[in-house]
Amino acid sequence: EPHVDYLHSALAHNTVVVDEKSYSISDERTHLAGILEYNLNVKENEYLYVRAFNNSYYGVYIDRAIYHKDEIIFVHDEILSKDNHVYSQMFHLSEYVKDEIVGQIGDSGYIIRITQLSGVDDAHIYQGMQPDAKYGYRSPVMKEIVNCTTVRFEKYGSKTEFVTMIAIEPLENI
């Protein structure tokens, strides 16, 4: 079933995808991705921190660091390969995000703002399930598929990085 294959693929997750392809997930490949370090014991004026790696794409090395403090999250993806590729940083957002990359979060009185601080070569926004069944939907629970907003930022090359800020702000900030 195309929906199940997609939902199990890297394309359906908030991650970096190489050349719009996925990779096999099996017990024999678990050593290709993991957590390198983290700080979850936050004291006053500190931030949460997790750093991980994903070497599941042959010849491509991805290092992701996530920093979180208050209502701001920074995602720093560093990507290295000998060959040129199209790298896509994927975000599958709630169905309540309605207005492209600045979106209202339901009736909460807050917005989400996603900003690329290092620039991108291209960006795509998909709202609702697409004809090719690739983007625009998610599965919040087993056997249920809902439409959502998918944002795909792209960079081309062999060595690059995404520096992304995700902020939750009061609606009056728009």
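How many aromatic pairs does the structure hold? It holds five aromatic pairs, where rings of Phe, Tyr and Trp (its six-membered ring) pair if their centres lie within 6.5 Å, and planes under 30 degrees apart count as stacked, over 60 as edge-to-face and the rest as tilted. This is a predicted model, in which local features need pLDDT of at least 70 and side-chain atom pairs count only at pLDDT 80 or more, while totals for chains, interfaces and linings use all residues. Residues are numbered from 1 along each chain as its sequence is written, and side-chain values use heavy atoms, with hydrogens and water left out.

**Strands and the tyrosine cluster**

- Helices (H or I, at least four residues) and strands (E, at least two) are DSSP runs numbered from the N terminus, and two strands pair if DSSP finds at least two bridges between them.
- β2 and β3 run antiparallel and are joined by six bridges, with Val50 in β3 as the bridge partner of Tyr38.
- β3 and β4 also run antiparallel, joined by seven bridges, and they form a hairpin with five residues between them, where Gly59 in the turn has a positive phi of about 80 degrees.
- Tyr49 stands opposite Tyr67 in β4, and ring pairs link Tyr47, Tyr49 and Tyr67 into a cluster.
- The ring centres of Tyr49 and Tyr67 are 5.0 Å apart with their planes at 40 degrees, so this pair is tilted.
- Because Tyr49 lies in strand β3 and Tyr67 in strand β4, the pair ties together parts that are 18 residues apart in sequence.
- Tyr49 is buried, with a relative accessible area of 15%, whereas Tyr67 is partly exposed, at 27% (buried means under 20% relative accessible area, exposed over 50%, and partly exposed in between, with a 1.4 Å probe and protein chains only).

**Pockets**

- On a 1 Å grid over the protein atoms alone, a pocket is an open set of points where a 1.4 Å probe fits, with protein on both sides within 12 Å along at least five of seven lines, and lining residues have an atom within 4 Å of a point.
- The largest pocket holds about 550 Å³ of space, and of the 31 residues that line it, the closest to its centre are Asn14, Thr15, Val16, Asn54 and Arg64.
- Elements that give two or more residues to the lining of the largest pocket include β3 (48-54) and β4 (60-69), while the largest share, five residues, comes from β5.
- The second largest pocket holds about 370 Å³ of space, and of its 16 lining residues, the closest to its centre are His3, Leu7, Arg138, Ser139 and Glu144.
- α1 (2-8) and β9 (137-138) each give two or more residues to the lining of the second largest pocket, with the largest share, four residues, coming from α1.

**Loop residues with positive phi**

- Asp19, in the loop between β1 (16-18) and β2, has a positive phi of about 55 degrees although it is not a glycine, and Asp19 is partly exposed, with a relative accessible area of 31%.
- Lys143, in the loop between β9 and β10 (146-147), is a residue other than glycine with a positive phi near 65 degrees, and Lys143 counts as exposed at 88% relative accessibility.

Note on methods:
Points joined across faces, edges and corners; volume = space filled by probe spheres on them.
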